[in-house]
Amino acid sequence: MGSGKVTSSVSSGDFDWQGKRVTVAGLGVSGIPAAKALHARGALVTVVNDGDDARAREQAAELEALGITVRLGDGASLPEGTELIVTAPGWKPDKPLFEAARAAGVEIWGDVELAWRLRGPEAAPWLAITGTNGKTTTTQMLASILKAAGLRTAAVGNIGISVLDAVLGEEQYDVLAVELSSYQLHWAPSVRAHSAAVLNLAPDHLDWHGSMEAYARDKGRVYEGNRVACVYNVADKATEDLVREADVEEGCRAIGFTLGTPGPSQLGVVEGILVDRAFVENRQKNAQELAEVADVNPPAPHNIANALAAAALARAFGVPAKAVRDGLRAFTPDAHRIAHVADVDGVAYVDDSKATNTHAAEASLAAYESIVWIAGGLAKGAAFDELVAKSAKRLRGAVLIGQDRELIREALARHAPEVPVVDLDRTDTGAMLQAVTEAKRLARPGDTVLLAPACASMDMFTNYNQRGDAFAEAVRELGS
């Protein structure tokens with residue numbers, strides 16, 4: 001890790017917004033609060049938005065009533081006199097608006113960067129989490145642990161309330177658990193967390209970032225300027241490489257988490273116990289028991305890894321061991337994340353609709369011994385050979401749905417030719433009931449029917465939530 005001391009960016013107290021011409025790119029959950037916050041500070045705000053539908057016009061009317069200029073259907077051209085752009089995180093870096101801004105020497109911030117800049121002098125420190133998979137669960141686990149320690153906190157960022165609302169709201173926090181996507185980190189060059197974790201790295205959103213190297217580089221920004229701990233995944237060398245490349249404050253430590261026995265400066269698992277060999281005295285010889293594996297809900301391997309990462313960040317903030325245990329026990333995962341729906345005729349039915357890429361599906365499949373796998377949807381350019389090869393020995397059968405199911409079928413033919421496959425040539429929402437019915441036919445008592453699609457859902461469903469709900473409803477029909 002670099003050792004240069006990194007100073008914090010300017011806060012609102014150092015910055016005069018009065019009369020500053022700011023363009024906000026995109027209406028929606030980040031754009032509207034950003035526009036309002038800047039307008040309230042005296043900035044001359046223009047909002048540009050690609051869309052011009054009924055919802056956008058309704059949002060525009062709300063902002064125009066405050067005196068904010070809105071240009072609908074025109075997100076490409078740079079408004080004259082723009083001195084700063086604040087963008088919604090999902091807007092791609094190669095959009096013409098940003099190319100024009102760079103040519104004109106205009107800075108581009110995301111909503112997270114704006115929140116960082118608007119922090120007050122007594123602002124709560126950030127414990128930041130990113131990674132290809134597990135971000136939301138780990139952030140929520142961390143918030144639960146911090147609350148168990150009696151700290152005023154919230155899970156913010158890509159989940160819950162926005163970072164901007166948390167920073168500008170009336171509620172006072174001791175510390176924030178902040179989930180950050182690669183998009184948000186790309187547009188947040190000066191964020192400096194107290195401590196941060198990269199949970200894992202696998203190809204995702206490469207159409208947005210342009211390459212795996214660019215994607216990893218944006219993820220690695222979360223470590224820049226860390227003060228106490230850079231938490232990495234011992235099983236994923238790419239995360240450790242990002243720590244080595246980071247420029248952090250003097251004294252910041254690299255802290256690993258592992259599902260195996262931890263070495264010094266690591267958290268890990270010993271005989272069903274989560275233990276800490278990082279934040280203890282004489283870590284060469286000593287370890288602190290934090291919780292039992294049974295305290296993690298659900299105790300699937302990838303979720304235990306999430307718990308260890310959350311515990312590492314909490315311990316970096318000085319949280320006692322008892323709060324780690326109590327926080328993990330109190331934590332309830334969100335719906336559609338490896339959620340047990342029901343047991344029917346001795347077969348468990350599990351909804352992991354949130355497994356929208358191959359990396360997430362691999363973690364889900366690794367949690368069970370004998371599986372009838374329901375998979376398919378929009379592949380987003382993914383390849384499935386590695387996933388199938390690693391999981392083949394666990395598969396009793398597979399039921400494929402969705403637009404790109406052929407890619408998975410071909411991978412199964414190459415790497416698991418003995419596994420029976422049902423290929424449903426349907427992309428309507430009613431296909432889920434047939435998929436579950438076919439899975440029931442393939443399953444034996446003791447098996448798990450697992451919805452872990454490894455694909456996005458938008459070819460058949462509004463989102464992964466609707467897909468998971470359709471699965472759960474189909475399972476309920478089976479058992480009725």
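What you have on the screen is a predicted model.

Start with strand E1, residues 21–25. Of its 5 residues, 4 are buried, so the strand is largely enclosed by the rest of the structure.

E1 has a parallel pairing with strand E2, residues 44–49, and that pairing counts 5 bridges. To find your place in it, take Thr23, whose bridge partner in E2 is Thr46. Between the two strands the chain passes through helix H1, residues 31–40, and this β-α-β crossover from E1 to E2 is right-handed.

E1 also pairs with strand E4, residues 84–87. Here the strands again run parallel, joined by 4 bridges.

Now the helices. Two packed helices are described by the angle between their axes and the distance between those axes. The pair I picked is H16, residues 431–442, and H17, residues 464–479. Their axes come within 9 Å and cross at roughly 55°, and the two helices are therefore oblique to each other. As for hand, the crossing is right-handed.

Which residues make the contact? From H16 they are Met432, Leu433, Val436, Thr437 and Lys440. H17 contributes Arg467, Ala470, Phe471, Ala474, Val475, Glu477 and Leu478.

That is what I have for today.

Technical notes. Residues are numbered from 1 along each chain as its sequence is written. This is a predicted model: local features need pLDDT of at least 70, side-chain atom pairs count only at pLDDT 80 or more; totals for chains, interfaces and linings use all residues. Side-chain values use heavy atoms; hydrogens and water are left out. Buried means under 20% relative accessible area, exposed over 50%, partly exposed in between (1.4 Å probe, protein chains only). Two strands pair if DSSP finds at least two bridges between them. A crossover is right-handed if, with the strands pointing away from the viewer, the path from the first strand over the helix to the second runs clockwise. Axes are lines fitted to C-alpha atoms, for helices over the stretch in contact, and angles run from 0 to 180 degrees between N-to-C directions. Angles under 35 degrees count as roughly parallel, over 145 as roughly antiparallel, 65 to 115 as roughly perpendicular and the rest as oblique. A crossing is left-handed if the near helix is turned anticlockwise from the far one by less than a right angle, and right-handed if clockwise. Contact means heavy atoms within 4.5 Å.
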